[in-house]
Each structure stands twice: as structure tokens, then as C-alpha cells.
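Please look at the sequence and the structure before turning to the notes.

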Amino acid sequence: MNARDREPGASVARQAPLDDPDLDDAELAALIEAMLLVAPEPTSSEQLAQGAGVPRARIENTLAMLDERTDRGWVLIRNQGRLQLASAPRFAGRIRRFLGLEREARLSPAALETLAIIAYRQPTTRGEIEAVRGVDCSGVLATLHGRGLISAAGRRPVIGAPIEYATTPEFLRHFGLASLSDLPELGEIGGTDAAELLSAALADAPDADGGVGLPD
Amino acid sequence: MATTADPTDLTDYQLRLPSFEGPLDLLLRLIEREQLPIAEISLVAVTDQFLAHLGAIDRAAPEAIASFTAVAGRLLLLKSRALLPRPATVAEESSDDDLVRQLAEYRAVRQAGERLGHLDKLGLSSFSRGAGIAMPLTVAPRLAPGSSAALARALRRRLALIAPPPLPTPRKPVVSLHQMIGRVLAAFERSRAVAFWQVFDYRERRQMRVGFLAVLVLMRRQAIDAEQPVPFGEITLRLLDRALAEAALLGDEST
């Protein structure tokens, strides 16, 4: 029986008493590192809490502490509440060489715009993206999907049930971001917060997929 | 601050805009080129330039033309409002065209895209497990128990199970149509009429099949004639024209 087949933290919860007094903060940080190291897939803080036998709040505090550290070769990546260890962005070149990976082709301006809309306002539909960009985006979406930067996150419960797109953990890794909150600020535009503008634009956009790029 | 661009100055900008994507992209580039703020008056200022670009759009993409034309229509409406004095009663509906807002939104997205593009260019990516394609697979090999002698025996047993390769099939000599026509001709050296069995060996079925074909070819060319008085009886071949028969032998298929 392979330990990897089991959901982490699933069976240990009953055995370990909550808030193990033997674990000080430094030791808990080390334990979290160890758990993330062996976790076969992105792990929730709840799973870490069960594994460590401490309340989730302590896990969150310790994770914040781990985030502060810059002397490590790894970073904590968070996507949709799940954590994963990844190599530090500053080593990208050498890690690529180590893994034998080629650098991928740079993304086109159209792909970057589309990705920006999805990243800042996920989950979002093709209709919403096209309403902002004013052009057909199906080809660009296929490219981004093919590179694993976006994925279908579900379907919006409106007429036509359009697919909702969201960014993937690969998106965070590709751009060297620890989480979506690390995205660059949208900035101010004409005295209005650009993020607000974008939200307003997307709120006005037609819900159904395949909507034309322009309202009216 | 320049609030209007000279609409007659069409030759200047047409050459310089890089390829643009979609009407909003074009409109924004035109405004930025003129260093105008995103406002209704700026849109009016670049309307003529925008229209000039409409002619350059690839005719093979009707969707693109449609979206450009839709924006052009809204621009023209703005321009006509700017040119004509407005009655006060309709002022409220024209106060904020959402083309202005849409453009501002688009610019926000474009700037966000540019920032992502900067990150993309830096290439400071993270990698997690399973990212590598060149790393060897981590599946542990399952080694057979026992010594190398046992392995050698196992290999021999395995090899014994492999079926021997099939014996090579003896190749039968090829009987060509050309050969058989030659044989018919040779038979006619002795007499003008020969029996089929005199020319071909009945025991050699392949030879006979090709020989029969040779006879048909020669008959078609009217070089020989054949007669079979009774069904399944002997076929008698008669030479009609030696020259035609020899032409058939040379493989002249034109006749």
C-alpha cells in the first residue's frame, strides 16, 4: 500500500489531539514544510491542520511566517485555497536547465490581455472577455488553455450556460506569483481605479457565451 | 493641450500604426498617438483617422469588418453631435457615451496585459514537482529474485517459447506474358497450326494461365486464330500474321 494513494491528513485526524503543546512555532513551520514536501498534490490548510494536530489558525499564522522568508530555494504557491511548494522564481533559469526544459515562446499581446482579464476577474466567460477586448477571443482562449494557463472552472447558471474560465496553478508558476494577490496593481486611470472600471465593464457584459464583442 | 487633430492630415498616420487588433485597440492607439485623454472630444478628433483605417481591413474577415463598422457608427454619431448644436431635450442621453468608458476599460486591461508581458519576458517562473520532462521516471524497477544464473535460465526458457521464424517460401519462377507470347511464336516455327497442349504444359497451372492470356492477346491483335470444336476440348491455334505476332512480342501496345 502506497502512502501516496491516501488523501493527506485524512486518517491521522482522529489520532492526533488538537493543539499539540510540543510544537512551537519554529517546529510547526518545519513540519508544514515537511508535509508540503511529501504532499502528492496541492494541499489545503485544513489538511495541514489535521496532519499537524493544531488548529487551522495556527497553520495560517505559520504559513504567513513562511511566506516572509526569502532565504529559501522554494516558495509557497496558493491557488484556490490550496498550497504547493515550488522553486523560487529567482532560480528559474537554472531550474529549467536542471529539468531540461526549454523556455516557452512568449505570449502575444492578445494572449496577455485575455489572460489579464481572466486573472483579475475570475471566473469569467468568453462573452465578458470579448466585451472588454472588442474582438473574438476563441483562438486566444484555446492557446491559453493549451499552455495550461487557464482552465474551465465551471458553467455560469445563465441562459446558454457559458463556460467560466479561471487561471491555473501553472499560471501562478509561469509568472512567478505566489498567489493571485501578487498580481500587479491595475493602477489608476483618469482618477478611477482601473480594477473598479474592469469590474464595472464585466458586470455590464452580456452573460451568455458567444455574445458579440460590442454591446448595443 | 491639443483637443482636435487635423482631420485632413491623413497621409501622416496611415503609414505608422503597427498592426492593431480590433476596433478598440485601433481607437486607443489613435488617441494615444495624438496624446489625447480618453474623452468624447478625443474620439471625435480621431474619427476621420479611424474611418481611413476601415478601408485597410482585410475583406476576408467579415466579423472584423462588422465590429469595426459598429465602432465607426458610434464615432460618427459622436461627431455629428459635436458638430450640430444640440437641443436641450436630448442632452441627457448623449452625456456619457459608453464608448469612452469602454475604451478606458480596455486601456486598463491592456496595461495589465503589458505588466503580465513584462513578467513573461523576465521568465522568472516557479516549478513544482512533475514539471520536468527530461527527468527519469521514478518508478522503482522490480528485480527478479535469484542469481544471475537463474536469470540466464529464465531467459533461455523465455527464448524457447518464442516461435521460430517461418521458413522462407521458395519463390516460384516468374512467368511473364512476354515469355509465353515468345513460346507461341516459337511453336509456329514448325507449322502454322498447333494444339494448345503442344505449346503449354497442362501440369503447370501458372504457366497455363499466362499462356492462355498470351493467346488472347495475340487473338486480339489478329495475329492468330483459335478454334475449340467442343467445350473443354482441344484448342487449335493458327497463325494469321507473323508480323503482328512479332509486334506483340515487342510489347507494342499501341494497336
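At what angle do α3(B) and helix α4 of chain B pack? The two helices, α4(B) spanning residues 62-83, pack at about 135°, and their axes lie 9 Å apart. This is a predicted model, in which local features need pLDDT of at least 70, side-chain atom pairs count only at pLDDT 80 or more, and totals for chains, interfaces and linings use all residues. Residues are numbered from 1 along each chain as its sequence is written, while chains are lettered from A and ligands numbered from 1 in the order in which they are written.

- Axes are lines fitted to C-alpha atoms, for helices over the stretch in contact, and angles run from 0 to 180 degrees between N-to-C directions.
- Helices (H or I, at least four residues) and strands (E, at least two) are DSSP runs, numbered from the N terminus.
- α3(B) and α4(B) are therefore oblique to each other; angles under 35 degrees count as roughly parallel, over 145 as roughly antiparallel, 65 to 115 as roughly perpendicular and the rest as oblique.
- The crossing of α3(B) with α4(B) is left-handed, a term used if the near helix is turned anticlockwise from the far one by less than a right angle, with right-handed used if clockwise.
- From α3(B), the contact includes B:Leu43, B:Val44 and B:Phe50, and from α4(B) it includes B:Phe68, B:Ala72 and B:Leu75; two residues are in contact if their C-beta atoms, placed from the backbone, lie within 7 Å.
- This contact of α3(B) with α4(B) comprises 11 nonpolar residues, one polar and two charged. Here Ala, Val, Leu, Ile, Met, Phe, Trp, Tyr, Cys and Pro count as nonpolar, Asp, Glu, Lys and Arg as charged, and the others, Gly among them, as polar.

**Helix α2(B) against α3(B)**

- Helix α2 (residues 22-33) and helix α3 (residues 40-54) of chain B have axes that come within 9 Å and cross at roughly 120°, which makes α2(B) oblique to α3(B).
- The crossing of α2(B) and α3(B) is right-handed.
- B:Leu26, B:Leu27, B:Leu30 and B:Ile31 of α2(B) meet residues of α3(B), among them B:Val46 and B:Phe50.

- Three strands of chain B form an open, antiparallel sheet in the order β1-β3-β2; two strands pair if DSSP finds at least two bridges between them.
- β1 (193-195) and β2 (224-227) of chain B stand at the edges with a single partner strand each, so one side of each is left without a neighbour in the sheet.
- β1(B) pairs with β3(B), residues 236-239, over three bridges, and B:Val194 stands opposite B:Leu237.

**Contact between chains**

- Chain B contributes 37 residues to the contact and chain A contributes 45.
- On the side of chain B that touches chain A, α6(B) gives the largest share, 16 residues.

**Confidence**

- Chain B has a mean pLDDT of 75, with 77% of its residues at 70 or more; pLDDT is the predictor's confidence in each residue, from 0 to 100.
- Within chain B, confidence is lowest in helix α1 (residues 10-14), at a mean of 42, and highest in β2(B), at 89.
- Where pLDDT is low, the predicted coordinates should not be read in detail.
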